[in-house]
Amino acid sequence: MDLGIDTTLTLLAAGLIFLLALGLGVWKYRQMALSENHLAHPYVDIAHRAALMYSFATLLIAVFVELSAWSTWVNLTAAAVSVFFFVAAIASYIAHGAKRDTTNQFAHPDRGLRLAMIALIVGEMGGFAVLLAGFVRGQLLG
């Protein structure tokens with residue numbers, strides 16, 4: 001099968017995020033094995049689970065990239081925006097898990113967190129909406 005560069009790069013991102021999830025699983029296991037209550041820090045657990053889910057979400061995005069009617073550039077940009085925010089979310093969870101600075105980042109949200117969440121919502125949903133529209137155009141209306 002001949003995949004476009006947009007699909008290939010999105011699949012690569014999915015694989016890299018999945019590999020990150022596996023590594024985070026090792027970190028989670030290590031914390032569980034060494035802690036008195038046999039639990040990892042909540043944000044280590046969240047990072048692991050989020051990376052697993054985002055890796056499969058990125059696979060789904062790759063399918064929509066491949067079946068979209070839009071140009072390679074539009075598809076790659078839309079996918080990259082969503083994947084960027086997936087990775088940024090995972091990175092923030094890793095940071096909280098490593099610093100052990102909170103068990104709930106929303107307990108005392110600041111303006112920066114609120115703005116980051118708005119950007120994440122617009123970026124993830126907007127990026128996918130572009131791909132979904134391209135799918136509809138190419139597969140249902142084309």
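Predicted model: local features only at pLDDT ≥ 70, side-chain atom pairs only at ≥ 80, totals over all residues.
The axes of α1 (residues 5-34) and α3 (residues 72-99) come within 9 Å and cross at roughly 10°, so α1 is roughly parallel to α3 (angles under 35 degrees). Helices are DSSP runs of H or I with at least four residues, numbered from the N terminus, and axes are lines fitted to C-alpha atoms over the stretch in contact, with angles from 0 to 180 degrees between N-to-C directions.

Q31 also lies in α1 and counts as buried because its relative accessibility is 12% (the cut-off is under 20% relative accessible area, with a 1.4 Å probe and protein chains only). Beyond residues up to four places away in sequence, Q31 touches L39, A40, H41, V44 and R100.

Turning to helix α4 (residues 111-140), E124 is found there. E124 is buried yet has no salt bridge (a side-chain nitrogen of Lys or Arg within 4 Å of a carboxyl oxygen of Asp or Glu). The nearest side chain of opposite charge, R49, is 17 Å away, with Lys and Arg counted as positive, Asp and Glu as negative, and His and the chain ends not counted. Leaving aside neighbours within four places in sequence, E124 contacts Y54, S82, F85 and F86.

Residues are numbered from 1 along each chain as its sequence is written, and side-chain values use heavy atoms, without hydrogens and water. Local features need pLDDT of at least 70 and side-chain atom pairs count only at pLDDT 80 or more, whereas totals for chains, interfaces and linings use all residues.

Notes:
Helix = DSSP H or I, 4+ residues; strand = E, 2+ residues; numbered from the N terminus. Parallel < 35°, antiparallel > 145°, perpendicular 65-115°, else oblique. Buried < 20%, exposed > 50% of the residue type's maximum accessible area, 1.4 Å probe, protein only. Contact = heavy atoms within 4.5 Å.
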